[in-house]
Amino acid sequence: MKVVIIGASHGGHESAHELLTRYDDMDVTVYEAGDFISFMSCGMELFLQGKVTNRDDVRNFKPSDIEQYGGEVLANHLVESVDTDKQEVTVLNKESGKTFTDSYDKLIISSGVTPGTIPVPGMDLDNVFLMRGRDWAMKLDEKLHDDAVQNVVVVGSGYIGIEAAQVFSEAGKKVTVVDMIDRPLGNYLDPELADVMADELKEKGVTLHLSHGVSAFEGQGKVTAVKDDAGQALPADLVVVAAGVKPATEYLKGAVELDDRGFIKTDEYLHTSAKNVFAIGDAIKPLFAPAGQSAPIALATTARKEARYVVENIAIEKPARAFAGVNGSSALTVFDYKLATTGMNANNAAKMHLNVASALYKGKVRPDFVTDGNADAFVKLTYNPDSHAILGGQLLSKADLTAHANTIALAIKGRMTLEDLAEADFFFQPGFDKQWSLLNVAAQVALGQTPSV
C-alpha cells in the first residue's frame, strides 16, 4: 500500500511511524512544506527561555527516525493540490522550483493550521511577529535579547499569548497584553481562576489591556505603536500576534469538503468526503467527547490519537468502532502558577449551548500543619446537573497539580459521576495530599457534602 502523508508535525509523524512499524508492506512518503522537520511549536516558550538541550532538539522527530524504517520524509515540498479522482498529489519542490505529481493508495492529510493575522493597517510593518513555527521562534529569540526592544505588545491572551508575555517580561521588557475578551485565558479558565491569573500577571509587571480590539499597527516601516479600538495608542517596539489560527486548507478546495471556516469535514471514522482520503490534526473538528459534538481542538495529543486510529483502520472500509473523541486536555505554567484543564468549562459549554453545572473548591494542597510547599489549590469541576456525570475540570496552584487533570480526563472517559469521584480511593500521605484527595473534596463540594473553602 502506498501512503502519502501531507504534513510532518505530530499527526504526520505518528501516522508514518505507526504505518511503518505496524505493517510490513507500506510505502510511506511524508511531504512537509517547511524547511525544518519538524519544529514543536508547543515547546516555543522553553525554546525562548533557553531551557532546552539544543535549539534543533525542539522537534517531533528527525527524518532519520522515519527513514530507518523505510519511509521517505521530504522537507521544502509543498503539496499544491490533490486530485482525488486520479488519487494524485501535485507537489512543488521549493528548492528547485519544479513541480511533480505523486500517486497514492491512501492519503492522510495532516497539514494543520497557520497563525491568524489581524486584518488591520500595519500588519506588514517590521517587528510585527507571529508566534508559531521555527522561523518565528528564531526571530523572536533575537528580539528577546535586543536592547532596542523595550515595549512589547502581545495581541491575544490565550496560551500562546500568555507564553509570549511571560517570556518577554522575564527578559526585562515592558509587556502589554491586548484582547477583546475581559480576562486572560478566558477560553480555558472560568472567571474565578482566570482572575487569579490576571492578578499574577499584573504582579509580575504585565499590563492587561482587555476588552479592547486592535484597529491598527502604527509606524513608518517599523512598528512604534498599537492603536486599540478606542483610539488609544500603546507604545510598541515589538508586537507579537497570537490571535488564534486558521486551517491550512486552501489547497484542498474542490478536493474534499470543507466547512465555512475551512476545516476539513470528516465522518466518525476520520474519512473525508473523498475515497481513500483521511484527515487528522488541527485542520479538522474531531469529536469533543464530553460535549458529544465536534469542535476544533488544536493539540498534539489529539493529532496523535487520531493518527493511530486512522492507521489501525486504514485498510478497513467501515471500522468496527468510531473514533472515540478527545477531552481537549492541556496545561500551562504562568510565572509561579501551574494550571491544567480538561473537558467542559463555562466558555465552551455556552458556545455549544449545553446546560452544565459547576462547583469550585479552594483549599490547601496538604494538611494545615504542613509548612513545606503547602500552596493554595483551586479545583473546579463541571458536570451534568441531572446525571452528575463529570464533564470537565480545571486546576490551578503554585504547586504542580496538573496530573490531577489526567485523572479527571479518565473520569470523563469512564463516565464517572460526582458520587463516584467523591468516594474514589486515592492515597493519603501528608507530604503529598490531604486525608481526602483534592478531587474527592471537589466532588463532595459539588454534591453539597462539604464547604467549598
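In this tour, Ala, Val, Leu, Ile, Met, Phe, Trp, Tyr, Cys and Pro count as nonpolar, Asp, Glu, Lys and Arg as charged, and the others, Gly among them, as polar. The structure is a predicted model, in which local features need pLDDT of at least 70 and side-chain atom pairs count only at pLDDT 80 or more, while totals for chains, interfaces and linings use all residues. Residues are numbered from 1 along each chain as its sequence is written, and side-chain values use heavy atoms, with hydrogens and water left out.

Helices (H or I, at least four residues) and strands (E, at least two) are DSSP runs, numbered from the N terminus. Two strands pair if DSSP finds at least two bridges between them. Select strand S4 (77–83) and strand S6 (99–103), the edge strands, each of which pairs on one side only. They belong to an open, antiparallel sheet with the order S4-S5-S6. Next, select strand S5 (residues 88–93), which is joined to S6 by five bridges. Valine 89 has aspartate 102 in S6 as its bridge partner. Neighbouring strands here are turned by 30° against each other on average, direction ignored; axes are lines fitted to C-alpha atoms, for helices over the stretch in contact, and angles run from 0 to 180 degrees between N-to-C directions.

**Second stop: a sheet of five strands**

Move on to the open sheet with the order S21-S22-S25-S24-S23, where the pairing is antiparallel. Its edge strands are S21 (330–334) and S23 (357–364). From one strand to the next, the twist averages 15°. Select S21 together with strand S22 (residues 337–343): five bridges join these antiparallel strands. Threonine 333 stands opposite lysine 338 in S22.

**Third stop: a pocket**

A pocket is an open set of points on a 1 Å grid over the protein atoms alone, where a 1.4 Å probe fits, with protein on both sides within 12 Å along at least five of seven lines; lining residues have an atom within 4 Å of a point. Select Leu401, His404, Phe427, Phe432 and Asp433, which lie nearest the centre of the second largest pocket among its 15 lining residues. H9 gives the largest share of this lining, three residues. By class, the lining has nine nonpolar, three polar and three charged residues.
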